[in-house]
Amino acid sequence: MSEAGHKGVLDWSIQPPYLHAPYVATVRRAPHHPLVPLAASLMERTGPVYGEGDIGPLDHDLTKNAAKNGEPLGERIIVTGQVLDENGRGVPGVLIEIWQANAAGRYVHKNDQHDAPLDPNFVGAGRTLTDEKGFYRFISIKPGAYPWKNHFNAWRPAHIHFSLIGRNFSERLVTQMYFPGDPLLEYDPIYQGIPNTKARSRLISRFDLETTQPEWALGYRFDIVLAGYDQTYFEPGGH
Amino acid sequence: MRAQYPSQTVGPFFAFALVREGGNILVDEQTLGERITLKGRVLDGDGEPVDDALVEIWQADAHGRFRHPADPQYAQADPHFKGFGRSGTTGEGFCFQTIKPGPVPPSPVPCIAVRVFARGMLIHAVTRVYFSDHDNTQDPVFAGLDPVRRQTLVAQRCELPSGVVYRWDIRLQGEGETIFFDL
Ligand SMILES: [Fe+2]
């Protein structure tokens with residue numbers, strides 16, 4: 001995506017391109033110029049730091065954080081995993097924010113016009129921080145698939161949106177977690193926008209019997225490898 | 001080495017999770033520095049405003065210090081300024097209430113790091129914004145950019161009765177396309 005010789009944070013053999021015509025909205029939003037290589041300065045090697053004070057006690061539990069008069073409908077799930085850097089080290093203190101549709105495939109967002117019921121006990125937003133070894137855990141319900149207008153009979157596979165803010169400005173990822181065995185993945189231009197199959201498949205969580213809690217909830221494991229400048233590396237004087 | 005995970009679009013329905021009330025206000029009463037409003041639109045290839053984008057900014061405090069341990073002056077950073085903000089682009093576009101950052105050596109001029117996310121973008125775009133009342137050619141990054149295209153990174157200062165406003169549009173595509181970086 002940019003000049004040869006610049007070793008940037010992002011690996012463009014893995015990351016999706018801006019223009020992926022089957023995903024129609026990319027056509028008018030994809031930059032046409034190649035990216036310009038940027039040698040990170042102190043600005044890109046620093047970033048917001050989050051602590052326990054930024055997170056409420058129920059923020060990670062989407063089955064409770066918006067409950068009004070009962071539990072949300074749907075299949076209860078536990079989603080857990082470890083955030084790692086490219087050297088395989090756990091990344092602590094990552095702010096993970098997630099959002100999703102309810103079990104019927106409907107978002108609370110005002111622009112979601114899908115004719116499926118809202119759930120009075122479910123908003124579908126949560127946040128947490130990774131622990132000192134990079135682990136995180138959310139409790140939620142399995143989101144439903146939902147239609148969109150990209151092409152005739154287009155349906156998004158069930159997914160949970162993930163936003164990660166790591167140790168500095170360069171360590172940033174917004175992605176989506178999918179579920180194993182979903183037949184819609186094959187037809188989804190967003191998922192298929194990732195240039196290689198191996199990279200794509202990393203976004204599919206794994207059913208995990210060890211995480212599954214008897215008589216209570218199914219467990220899914222989703223580890224995430226976050227690219228970015230190593231915070232321990234810093235050239236005095238910036239640039 | 002572990003392979004990094006691929007990005008996916010933020011989609012159209014992120015606001016209820018990511019855009020929190022006050023998330024675009026970086027200052028409190030005690031924050032040091034010149035109060036500014038940084039505002040503008042995100043425009044698509046047809047020049048139409050994108051009303052479902054998310055813009056994030058990261059900047060130094062009024063003395064050019066980042067509130068982050070990698071900054072050697074971290075301990076002196078303004079405790080009333082975190083430096084991170086988020087704004088959706090519904091309606092008028094994005095808008096941040098912040099301060100003019102101090103320059104960060106070796107650059108003698110200030111700038112702000114910016115990231116844009118949107119439906120129709122499978123991966124975010126990284127850019128920077130500089131200020132029209134500085135000689136930005138003194139900045140080592142700005143100086144190395146195409147002299148015509150780099151004007152897309154300069155916010156225009158407007159002194160209004162309500163305060164100082166810097167106007168800056170982000171053009172995703174087409175004429176006047178903003179410079180985006182491979183970080
Ligand atoms: Fe979605």
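Author: Happy to! A:Pro37 stands opposite B:Asp182 in strand E11 of chain B. Strand E1 (residues 36-37) of chain A and E11(B) pair in the parallel sense over two bridges; strands are DSSP runs of E with at least two residues, helices are runs of H or I with at least four, both numbered from the N terminus, and two strands pair if DSSP finds at least two bridges between them.

A word on the model: it is predicted, so local features need pLDDT of at least 70 and side-chain atom pairs count only at pLDDT 80 or more, while totals for chains, interfaces and linings use all residues. Residues are numbered from 1 along each chain as its sequence is written, with chains lettered from A and ligands numbered from 1 in the order in which they are written.

Now step back to the contact between the chains. Here 56 residues of chain B are in contact with 72 residues of chain A (C-beta atoms, placed from the backbone, within 7 Å). On chain B, the side that touches chain A takes at least two residues from each of helix H1 (15-18), strand E6 (111-118), helix H2 (140-143) and strand E11 (181-182).

Chain A also has an open sheet of four strands, in the order E4-E3-E8-E9, with antiparallel pairing. Its edge strands, E4 (125-129) and E9 (172-178) of chain A, each pair on one side only. Within the sheet, six bridges join E3 (residues 95-100) to E8 (residues 159-165) of chain A, and A:Ile96 has A:Leu164 in E8(A) as its bridge partner.

Technical notes. Contact = placed C-beta atoms within 7 Å.
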